[in-house]
Amino acid sequence: MIRNLAPLALLTCLWVQSAAAQEITASKLSLPTPRYDHGVLGDALEWGGLDLTLADGRTLRFTLPKTRVFEDVTARLGDFDGDGTAEVMVVETDIATGGSLAIYDASGKRAATPHIGRTHRWLAPAGWGDFDGDGRPEIAYVDRPHLARELVFVRLSGGKLSEIARTSGLTNHRIGMDSIAGGTRRCDGKDSLVLANEDWSGLVEAWLEQKRIVTRPLGKGTAARDFNAALNCR
């Protein structure tokens with residue numbers, strides 16, 4: 001029996017080592033390109049590639065076709081499905097049909113929301129965390145932050161991003177800003193989002209309760225210092 005178990009133990013060890021080698025430790029956007037003329041982030045350049053660094057030191061590059069760009073300020077590294085390993089979240093835009101929220105791992109694109117449906121339509125990632133307190137992470141983004149201003153919560157499971165809830169009247173980006181405002185805050189042991197209301201006259205906190213979005217005002221002021229204070233529970 002011991003001799004029969006040895007190959008299985010070796011195989012398990014090799015599998016564990018292989019899985020560990022696939023862990024993503026860093027991510028960045030690469031291959032700047034002018035092929036999409038939206039310029040919503042303040043310049044004429046977007047990104048054609050996504051570079052992932054693995055635990056074993058290797059770097060993977062995923063290159064988009066000429067009909068697509070990464071229209072984003074960064075490639076976000078996080079555990080978006082709660083399995084203990086990191087994935088990467090980024091806005092991937094089709095030049096003809098607009099933005100989508102995409103999740104990549106070491107194998108490539110794992111999941112994505114549908115593209116908005118027309119060119120020059122974008123979405124802005126808002127944050128991720130356990131926004132309903134059930135022990136599982138959710139991802140949030142603002143669908144068309146300059147037009148529709150809809151906050152959307154989705155959950156990553158397997159190869160799919162499933163929508164949980166959405167509501168209107170919230171935003172986190174103005175045309176030409178080279179950053180996305182707000183994000184996830186953790187106050188009193190609970191995760192919630194910090195965003196702006198639709199006319200940028202004040203901050204709003206948002207979270208989930210029984211698959212419904214709950215919001216409350218956080219006070220006036222939408223300068224960077226106001227966002228920072230709210231994110232730091234002040």
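1. Basis of the values. This is a predicted model, in which local features need pLDDT of at least 70 and side-chain atom pairs count only at pLDDT 80 or more, whereas totals for chains, interfaces and linings use all residues. Residues are numbered from 1 along each chain as its sequence is written, and side-chain values use heavy atoms, with hydrogens and water left out.

2. Salt bridges in total. The search of the whole structure returns 20 salt bridges, a salt bridge being a side-chain nitrogen of Lys or Arg within 4 Å of a carboxyl oxygen of Asp or Glu. As background, side chains of opposite charge can pair when their charged atoms come close.

3. Asp51 and Arg61. These two residues form a salt bridge in which the closest N and O atoms are 2.7 Å apart. Asp51 belongs to strand E2 (residues 46–54) and Arg61 to strand E3 (residues 59–63), so the pair ties together parts that are ten residues apart in sequence. Helices (H or I, at least four residues) and strands (E, at least two) are DSSP runs, numbered from the N terminus. Asp51 is buried at 7% relative accessibility, while Arg61 is partly exposed with a relative accessible area of 46%. Here buried means under 20% relative accessible area, exposed over 50%, and partly exposed in between (1.4 Å probe, protein chains only).

4. Further charged pairs. Arg58 forms a salt bridge with Asp56, with 2.7 Å between the closest N and O atoms; Arg58 is partly exposed at 38%, and Asp56 is partly exposed at 40%. Arg110 forms a salt bridge with Asp81, with the closest N and O atoms 2.8 Å apart. That pair links distant parts of the chain, 29 residues apart: Arg110 is in strand E8 (residues 108–112), and Asp81 is in the loop between strand E5 (76–78) and strand E6 (87–94). Arg110 is partly exposed, with a relative accessible area of 22%, whereas Asp81 is buried, at 19%.

5. Nonpolar cores. Which residues have the most contacts inside the largest nonpolar core? They are Ile103, Trp122, Ile139, Leu156 and Leu161, in a core of 18 residues. At least two residues of this core come from each of E6, strand E7 (98–105), strand E9 (123–129), strand E10 (138–143) and strand E11 (150–157). E11 gives the most, with three residues. A second, separate core has 15 residues, including Phe70, Val88, Val90 and Ala106. A nonpolar core is a set of buried Ala, Val, Leu, Ile, Met, Phe, Trp, Tyr and Cys residues joined through side-chain atoms within 4.5 Å.

6. Surroundings of Ile139. Leaving aside residues up to four places away in sequence, Ile139 touches Phe80, Met89, Leu101, Ile103, Gly127, Trp128, Val152, Phe153, Val154, Leu156 and Leu161. Contact means heavy atoms within 4.5 Å.

7. The disulfide. The structure holds one disulfide, defined as a pair of cysteine sulfur atoms within 2.5 Å. Cys187 and Cys233 form this bond, with their sulfur atoms 2.0 Å apart. The torsion about the S-S bond is about -95 degrees, so the disulfide is left-handed. The two cysteines are 46 residues apart and link distant parts of the chain: Cys187 is in strand E14 (residues 183–187), and Cys233 is in the segment after helix H2 (224–231). Cys187 is buried at 13%; Cys233 is partly exposed at 39%.

8. Helix H2. The buried residues of H2 are Phe227, Ala229 and Ala230. They cover an arc of only 160 degrees around the axis, which puts them on the same side of H2; the arc is that of the directions from the helix axis to the C-beta atoms. The buried residues pack against E14, strand E15 (190–197), strand E16 (202–209) and strand E17 (212–220). Exposed Ala224 and Arg225 are carried on the face of H2 turned away from its buried side.

9. Ala165. This residue lies in strand E12 (residues 160–168) and is buried, with a relative accessible area of 11%. The C-alpha atoms of Ala165 and Ile213 are separated by 6.6 Å, although the two residues are 48 residues apart along the chain. Not counting residues up to four places away in sequence, Ala165 touches Leu151, Val152, Phe153, Leu208, Lys211 and Ile213.
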